[in-house]
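Q: Could you show me how to read the meeting of two chains, taking one feature at a time?

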There are 2 protein chains.
Amino acid sequence: MNDTKTKLLDAAERLIGEQGFAATSLRHIISEAGVNLASVHYHFGSKDELLEAVVMRRAAPVNDRRLALLDRYEAENDGAVPVDRILEAFLFPMAQAAASNPQFVRVMGRIVSEGMIQSVLEKNFHTVLLRFTAALRKSLPALSDEEFRWRMLFMQGAMAHTMCGTPGNDFEHRIALLVRFLSGGFEASPAEVK
Amino acid sequence: MNDTKTKLLDAAERLIGEQGFAATSLRHIISEAGVNLASVHYHFGSKDELLEAVVMRRAAPVNDRRLALLDRYEAENDGAVPVDRILEAFLFPMAQAAASNPQFVRVMGRIVSEGMIQSVLEKNFHTVLLRFTAALRKSLPALSDEEFRWRMLFMQGAMAHTMCGTPGNDFEHRIALLVRFLSGGFEASPAEVK
DNA sequence: GTCTATACTGAGATAGAC
DNA sequence: GTCTATCTCAGTATAGAC
């Protein structure tokens with residue numbers, strides 16, 4: 001691996017996790033990394049793309065584990081997997097990542113709380129989102145397409161806010177509570193059409 | 001009312017609603033308002049405080065209506081108000097505001113999606129949050145304090161993301177769906193302690 | 001291919017004259 | 001209260017050394 005590139009990723013990960021993305025200047029990052037300012041644009045192109053690289057470096061294994069878990073649950077339950085299992089399969093690997101690398105989760109939190117979700121997440125989590133959306137849809141056949149889509153959005157907001165936007169380290173416990181809450185929401189009977 | 005101040009608030013509200021907070025420069029705002037750059041800092045102190053003033057101007061009536069609705073429901077149900085009524089009382093006035101002033105809701109959406117929630121909202125919505133938290137707590141006596149607090153956070157994330165972070169205009173319908181989902185989550189039986 | 005030095009543009013903030 | 005001029009710092013771009 002290129003040394004300069006890695007130094008930049010490490011420094012950016014640490015500083016963005018601590019101070020946030022907007023509050024962390026490239027000049028601060030490069031001084032921590034001990035490299036030249038222009039190397040950021042040489043290796044990554046821009047500050048935004050540096051952030052994306054920071055995310056991508058850690059996101060891949062998390063998403064692999066998510067898909068593996070979902071595969072297993074689908075094999076075990078051929079057909080519709082219980083909603084809470086699907087949610088667990090999505091959330092648990094993030095908690096594992098948090099245990100081995102807290103910095104990464106902090107960065108994800110910063111991304112969420114600074115509203116860079118769309119740009120960064122949709123690029124890196126596309127397949128995962130498709131798979132999990134399909135699994136949930138299958139397990140919630142009673143909902144209309146419209147209501148299902150809205151409930152996915154509600155979930156998205158709750159997840160982002162909870163997993164990333166709030167400090168603390170006991171992610172496994174947090175996940176158990178979140179899964180319970182979201183299951184209740186998803187499985188609520190449809191709202192009346194007025 | 002001071003003319004310069006109002007011109008600044010109007011221009012800021014419009015531009016931030018259209019382009020977002022970060023993307024809207026003070027120089028753009030003042031040129032729309034037809035005033036001088038330094039007047040921003042004279043009247044508001046900083047760009048952040050200008051945003052806060054934009055929010056405060058519209059938030060007060062919404063919060064008044066929220067509290068009035070909650071008062072009514074509490075009087076009607078003396079003791080514990082049904083969870084879905086409480087949620088409605090919180091969300092409905094925002095939908096009304098959206099109908100009469102779409103710019104405001106857009107600004108709130110920008111605030112959420114750009115992660116300025118904590119700083120801005122906690123200042124302006126403090127009493128409202130206390131009242132609604134207390135009402136919900138009363139209606140959910142079976143939950144532990146801890147699980148209740150977490151569910152409040154889950155709700156917060158879902159609400160912010162939904163009400164403000166996603167485009168579209170049919171807020172009343174959206175609210176009906178959101179209330180249903182959140183009621184299901186709040187009323188789910190407690191997660192098992194493992 | 002990689003790194004260094006330096007310049008450019010635009011941002012928010014501020015001091016001081018009027 | 002308002003305006004001009006200026007300051008500092010950000011991200012970005014480029015020219016050129018190795």
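**Reading the interface**

A: Counting contact, meaning heavy atoms within 4.5 Å, 33 residues of chain B are in contact with 33 residues of chain A. This is a predicted model, in which local features need pLDDT of at least 70 and side-chain atom pairs count only at pLDDT 80 or more, while totals for chains, interfaces and linings use all residues. Residues are numbered from 1 along each chain as its sequence is written, chains are lettered from A in the order in which they are written, and side-chain values use heavy atoms, with hydrogens and water left out.

Q: What area is buried between chain B and chain A?

A: The size of an interface is often given as the accessible area lost when the parts come together. Here the buried area (accessible area, 1.4 Å probe, that two parts lose on being put together, summed over both) is about 2900 Å², and carbon and sulfur atoms give 68% of it.

Q: How many salt bridges does the rule find across the interface of chain B and chain A?

A: For a salt bridge, a side-chain nitrogen of Lys or Arg must lie within 4 Å of a carboxyl oxygen of Asp or Glu, and across this interface the rule finds zero.

Q: By what turn and shift can chain B be laid on chain A?

A: Two copies of a chain are related by a rotation about an axis and a shift along it. With superposition by least squares on the C-alpha atoms of residues with pLDDT of at least 70 in both, chain B is laid on chain A by a turn of 179° and a shift of 0.0 Å along the axis, with an RMSD of 0.1 Å. That is the relation of a two-fold axis. Moreover, 100% of the interface residues of chain B are also interface residues in chain A, so the copies meet through the same surface.
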